[in-house]
Amino acid sequence: PRMAATVRPPAVAGAFYPADPVSLQATVEGLLADAAAELPPDLPGPPRALVAPHAGYVYSGPVAARAYATLLDGGAPPRRVLLLGPAHWVPVAGAALPGVDALATPLGEVPVDADGARSAAAMPEVVVSLAAHTPEHSLEVQLPFLQMAFGDVPVLPVLVGRPHPEALDALIDALWDEGTLVVVSTDLSHDLPYAVAQQVDAGTAAAVEALDDTALTPERACGAYPLAGLLRVARARGLRPVRLDLRNSGDTAGDRRRVVGYGAWVLA
């Protein structure tokens, strides 16, 4: 007999985004509609990877939606999404899988890609740690956007600590096949005054667009390590990041004395 499915419940529903499914769906649909109207007309396609922020939707939702709006052109959905982000609450040395069958949000359950999880678990510096995933928001807040864009396309959720670059690049390269969309979840600078954050984040954005992984530090982007891995593999594959948005919480919903930076990019 099959084992009962294991499901990671949402940790930040009702905090980072609405816990009520009707309200959540309306929120995400509204963010995507606004973002779609703001996209540049000459985007390269189809998207192979996205970079999106992961704060509460009132703060970073409009920026994240710019990345996800690139998926709404009616093209075929990917076979799976490789979702990479930083571990904020439980230290992870290399990279951590949750070891569950599905991830729940108020909109329903997102299946975890079982084949990808098996492949990833066999790679160097990859562990299974439900403890690291249980309180973590960096991947969870991306899920409602993916659910609205793709329905129940499977995801492979990977929390990234500080793996050796070769190990991380091997993981991304092995799993990023033709049917896989990569999503890297990262915010930019944290707790700087508005004008300082604008300068720092502009420098970070320039590094991303130059595919310069060496300029990325955790002070510039909390997801610096997964983002750097994405840039290295993208560079090897001849992909280019295109900036979709660069703002901070002082532009969206916070005061300007101490802000958090957000950027959105598509790679094609």
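Proline 46 is placed in the loop between α1 (21-38) and β2 (49-52); helices (H or I, at least four residues) and strands (E, at least two) are DSSP runs numbered from the N terminus. The peptide bond that leads from glycine 45 to proline 46 is cis, with omega near -15°. The model is predicted, with local features needing pLDDT of at least 70 and side-chain atom pairs counting only at pLDDT 80 or more, while totals for chains, interfaces and linings use all residues. Residues are numbered from 1 along each chain as its sequence is written, and side-chain values use heavy atoms, with hydrogens and water left out.

**Largest pocket**

- Pro46 is also one of the residues nearest the centre of the largest pocket, together with Pro47, Ala76, Pro77 and Pro78.
- A pocket is an open set of points, on a 1 Å grid over the protein atoms alone, with protein on both sides within 12 Å along at least five of seven lines; a cavity is a set where a 1.4 Å probe fits but cannot get out, and lining residues have an atom within 4 Å of a point.
- The volume of the largest pocket is about 270 Å³, a volume being the space filled by probe spheres set on grid points, which are joined across faces, edges and corners.
- Its lining consists of 14 residues, divided by class into eight nonpolar, three polar and three charged.
- In this classification Ala, Val, Leu, Ile, Met, Phe, Trp, Tyr, Cys and Pro are nonpolar, Asp, Glu, Lys and Arg are charged, and the others, Gly among them, are polar.

**Cavities**

- There are two cavities of 30 Å³ or more.
- The largest cavity, of about 70 Å³, is lined by Arg8, Leu103, His133, Glu136, Leu139, Glu140, Leu143, Pro157 and Leu159.
- Five nonpolar, one polar and three charged residues make up the lining of the largest cavity.
- The second largest cavity holds about 40 Å³ of space, and its lining residues include Val81, Val110, Leu143 and Phe150.
- Helix α5 supplies the largest share of the lining of the second largest cavity, four residues.

**Packing of α2 and α5**

- Helix α2 (residues 57-69) packs with helix α5 (residues 143-150) at an angle of about 40°, their axes being 11 Å apart.
- Axes are lines fitted to C-alpha atoms, for helices over the stretch in contact, and angles run from 0 to 180 degrees between N-to-C directions.
- From α2, Tyr57, Gly61, Ala64, Ala65 and Tyr68 make the contact, and from α5, Pro144, Phe145 and Leu146; contact means heavy atoms within 4.5 Å.
- The contact of α2 with α5 comprises seven nonpolar residues, one polar residue and no charged residues.

**Strands**

- Three strands form an open sheet in the order β1-β5-β6, with mixed pairing; two strands pair if DSSP finds at least two bridges between them.
- At the edges are β1 (7-8) and β6 (108-111), each of which pairs on one side only.
- β1 pairs with strand β5 (residues 102-105) in the parallel sense over two bridges, and alanine 102 in β5 is the bridge partner of valine 7.
- Strand β10 (residues 190-192) contains aspartate 191, a residue other than glycine with a positive phi, near 65°.
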